[in-house]
Amino acid sequence: MAQQAEEIRDRVIRQHTQDVRHYINGRFVDADSGKSFANLNPLTQERINWVSEGGQAEIDRAVAAAQEAFQQGPWGKMKVSERLSYLYKIADIIDEHIDEIAPLESYDTGLPISQTKNMVARSAQNFRFYAEMVNSRMVGEAYQVDDEFLNYTIHKPIGVAGLITPWNAPFMLETWKIAPALATGNTVVLKPAEWSPLTANRLAELIDQAGLPEGVFNVVHGWGEKAGAALVAHPDVQLISFTGETATGSEIMKNGADTLKRVSMELGGKSPIIVFDDADLDRALDACIWGIFSFNGERCTANSRLFVHEQIAERFIQALKERLPHIVVGDPMDDRTQVGPLIHQTHYENVKRYLEIAREEGAEIVSGQVPQAYKQGNFVPPTLILNLTNDQTAAQEEIFGPVLTVMTFKEEAEVIKVANDVKYGLAGYVWTQDIQRAHRVAQAVDTGMFWINSQNVRDLRIPFGGSKASGIGREGGHYAFDFYTETQVIHVALGEHRIPQFGKKASP
């Protein structure tokens, strides 16, 4: 397996680790300033390549190209069937390159290749799904008022969509925003995460291969405080879809306020998993472990706070401890690896800082092991934080790594209260055989999404989003149309209805 991982890595390095440039108006271009920044390998800390550093100038050019394509180019005038044919073509091209994109994503982010393969496959489906949704679900309403009026609605594309995407599942989450934006007729400027540029660049190459008209899709790489801020503040960008940290989301709302940006925010999470004493403990254990340690714990919907009923707590926690050493930590290119290195040393140091804070606050830390061969990587082994209370730092703040806080409870009302006692509200999970209790808990916990007796299984048809500090708005399914289109109402008079006649002289 180690030899196979090395062979995959060598192939990826040879083919797709050239220096990254911006994709603007159908061409790959350097930054006007000539500046670039290093992209580092999370496994070795070595430089992978250089990434062109974009800023105001590149954003201005990309937005101008996107606006021109929308207003004057063929995209805005194109028949829907022709526009959607491009989405199907992009999906087909992605499918042809899954075996290349998945290892590229693992190499760049540290995510295990067994997990990136599934994510890339979902990326192709995102384009097909939204092409189909536009045909089947982007529909208007019509209301007739007696024989006098017909009132109906239509969905119109808004214009230039600014998309700012995260590094924790970059390729899939980029396509999850690009697909509905293009399907509904908008043009796109994508600002991908600076820590994961490789697959964003590869996506630009594949979309270029699909032959979209110039300016319809653009990518500007760079830092959030420069390229991202310029995109948010640009007066010709009508909407911003952002996935990332809550603090950054707040800044985006402030920076976009002057131009009245339409915003969709999928932000942080500190999601509870509640295990009652009547739960199927084996399945709950599997779901709990998968939900926090898959994706290296770098998942917004991770069940990072475990609340386990006191009657089963000792047995459940012991089972967690026994599983930790057997979770395979290692090379993300190895199919056996279950937890790889965190994406960047800055993030690694932040996760380690939370563990130190937990120790200082009196918690017990129980961790798995990182093999000696990988000590140079950004590895945090699967970790439990025990003997803490819900008001402590590790239980309140988003750590965004393979770290599970473990607490106990006695009563249903008690666990609902502590589950809600956090600023976030993205996801939640409950395990119990009492289906009435399951529904009560699900509806009482303040989250945008909730799973009953299930791990995080997604359905593209349903909305995705959170409450409180976890976000604003919903994307996914036909709910994305509310964000990516303007609903226009058309009023039609069917006859000569009465019109008030102000100022008209009465007949003699």
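The second largest pocket of this predicted model has a volume of about 560 Å³. A pocket here is an open set of points on a 1 Å grid over the protein atoms alone, with protein on both sides within 12 Å along at least five of seven lines; its volume is the space filled by probe spheres set on the points, which are joined across faces, edges and corners. Lining residues, those with an atom within 4 Å of a point, number 22 in the second largest pocket, and Arg122, Met172, Phe295, Arg299 and Arg458 lie nearest its centre. Helices α5 (113–137) and α6 (170–183) each supply at least two lining residues, with α5 giving the most, 4 residues. Helices are DSSP runs of H or I of at least four residues, strands are runs of E of at least two, and both are numbered from the N terminus. The lining divides into 11 nonpolar, 6 polar and 5 charged residues, where Ala, Val, Leu, Ile, Met, Phe, Trp, Tyr, Cys and Pro count as nonpolar, Asp, Glu, Lys and Arg as charged, and the others, Gly among them, as polar.

The largest pocket has a volume of about 970 Å³. Of its 39 lining residues, Trp167, Phe242, Gly244, Glu245 and Thr248 lie nearest the centre. Two or more lining residues come from each of α8 (224–233), β10 (239–243), α9 (246–256) and α12 (345–360), and α9 has the largest share, 6 residues. By type, this lining holds 16 nonpolar, 13 polar and 10 charged residues.

Turning to the strands, β7 (residues 160–164) has 5 of its 5 residues buried, that is, under 20% relative accessible area with a 1.4 Å probe and protein chains only. Val160, Gly162 and Ile164 are buried on one side of β7, as are Ala161 and Leu163 on the other. In a regular strand, side chains alternate between the two faces of the sheet. Strand β7 pairs in the parallel sense with β8 (residues 187–191) over 5 bridges, pairing being called when DSSP finds at least two bridges between two strands. Valine 160 has threonine 187 of β8 as its bridge partner.

Threonine 405 sits in strand β16 (residues 403–409) and is buried, with a relative accessible area of 0%. Leaving aside residues up to four places away in sequence, threonine 405 touches Ser304, Arg305, Leu306, Ile385, Leu388, Ala394 and Ala395, contact meaning heavy atoms within 4.5 Å.

Residues are numbered from 1 along each chain as its sequence is written. Local features need pLDDT of at least 70, side-chain atom pairs count only at pLDDT 80 or more, totals for chains, interfaces and linings use all residues, and side-chain values use heavy atoms, with hydrogens and water left out.

Terms used: On a 1 Å grid over the protein atoms alone, a cavity is a set of points where a 1.4 Å probe fits but cannot get out, and a pocket is an open set with protein on both sides within 12 Å along at least five of seven lines; lining residues have an atom within 4 Å of a point. Buried means under 20% relative accessible area, exposed over 50%, partly exposed in between (1.4 Å probe, protein chains only).
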